[in-house]
Every structure is written in C-alpha cells, then in structure tokens.
Amino acid sequence: REHTGGIVVITGAIWGVCLAWVICFLATGMSSMHSGYTRIPIELDQAAAVLGASPLKILWRIHLPLLSLSLCTAFLAVMVDTFKELPSTLVLRPFDVKTLAIATYVLASDDRVADAAPYALTLIVLTSICMLSIYNLQSRMMKRHV
C-alpha cells in the first residue's frame, strides 16, 4: 500500500474548506466581537458576580443581549467574505463541488461570460443584502449608544 500523505486528507474534503475559511475569516468576526465587548462595562460583570451569578449566567443574561448586534454584524461580515472567497475554496474543494464564486470563475475563464452572469449577479445580490443588513445594524447600534 502506498502512503498518500496528509495533504490528501486536507484537500478534497469539505472540512478542509471549512477549516481554511475559519482560519481566513477569524479576524473578521473577532474584530466585530472585540468592539462589542469593549462597550460592555466591567462593572456589569462585577455586579452580577457579587449578586451570585455564575459566569455562564453572566454570559447568557448580560453579554449575549448586549452583543446581539455585534454577533449579527460579525456573522454578516463573515458571510460576505465567504461568498466571494475563491483561492482556498478552489484549491481545497472536493471534486464536483462548486460555490457561486467557483462557478463564476470557471465559466468566465472559459469565456462563457453569459453563462457566468447569473452566478455573478447572485453573488452581487447576496452580498448587497448582507451589506445593507450590516448598515442597518450599525445605524441601530449608533442610535442605541447615542
């Protein structure tokens, strides 16, 4: 039996693409969450702890409600980046698995621009919806903190 090496385990598997996406987009989601956490005063955690709340209860009752808009913003920002991600998906994807970005790239590189147009327009519409949602969430955040 021939040993194929670890690279075959990573490439050609859905989890390989997911791992690449997590590594690639971790900074995007973390920056939004970090900005949300900086807005939570430490005194809230201290007051809840003095009143006997466990760390899990503090997370569930205080942090999650205050971070809901930041969580939504992080999720939408990562979705936009995932929609348009091509390099890692192109290299690590299993055979016969296509995302919108890969379908657009393959058809456009074969000079079949008319066939690639629906995929490209779908990408534009989806990312536009996400960006408009992020804008609305950000304006809600600004109204809440003013």
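Biologist: What is the accessible surface of the protein, and how much of it belongs to carbon and sulfur atoms?

Modeller: The accessible surface comes to about 10,100 Å², and 69% of that belongs to carbon and sulfur atoms. Accessible areas come from the Shrake-Rupley method with a 1.4 Å probe, and for residues only the protein chains shown count as cover. This is a predicted model, in which local features need pLDDT of at least 70 and side-chain atom pairs count only at pLDDT 80 or more, while totals for chains, interfaces and linings use all residues. Residues are numbered from 1 along each chain as its sequence is written, and side-chain values use heavy atoms, with hydrogens and water left out.

Biologist: How do you know where the confidence is lowest and where it is highest?

Modeller: The guide is pLDDT, the predictor's confidence in each residue, from 0 to 100. The protein averages 81, and 84% of the residues score at least 70. Helix α1 (residues 7–10) has the lowest confidence, at a mean of 53, and helix α3 (residues 42–50) the highest, at 92. Where pLDDT is low, the predicted coordinates should not be read in detail.

Biologist: What makes a segment a helix, and how many helices and strands has the protein?

Modeller: Helices (H or I, at least four residues) and strands (E, at least two) are DSSP runs, numbered from the N terminus. By that rule the protein has seven helices and zero strands.

Biologist: Why is aspartate 111 called exposed?

Modeller: Buried means under 20% relative accessible area, exposed over 50%, and partly exposed in between (1.4 Å probe, protein chains only). Aspartate 111 has a relative accessible area of 70%, and is therefore exposed. This residue is found in the loop between α6 and α7, and has a positive phi of about 60° although it is not a glycine. In helix α6 (residues 100–109), by contrast, Ala101, Ile102, Ala103, Thr104 and Leu107 are buried. Of the 146 residues of the protein, 29% count as buried.

Biologist: What makes up the largest nonpolar core?

Modeller: A nonpolar core is a set of buried Ala, Val, Leu, Ile, Met, Phe, Trp, Tyr and Cys residues joined through side-chain atoms within 4.5 Å. The largest such set has eight residues: Leu69, Leu76, Ala77, Val80, Cys130, Ile134, Leu137 and Met141. Helices α4 (55–84) and α7 (113–145) each supply at least two residues of this core.

Biologist: What does alanine 77 touch, leaving aside residues up to four places away in sequence?

Modeller: Alanine 77 touches Thr28 and Ile134, a contact being heavy atoms within 4.5 Å. Among contacts between residues at least 6 apart in sequence, 66% join residues at least 24 apart.

Biologist: What makes the pairing of aspartate 115 and arginine 112 a salt bridge?

Modeller: A salt bridge is a side-chain nitrogen of Lys or Arg within 4 Å of a carboxyl oxygen of Asp or Glu. The side chains of aspartate 115 and arginine 112 meet at 3.1 Å, N to O, and the pair therefore qualifies. The structure holds one salt bridge. Aspartate 115 is partly exposed, at 40% relative accessibility, and arginine 112 is partly exposed at 40% as well.
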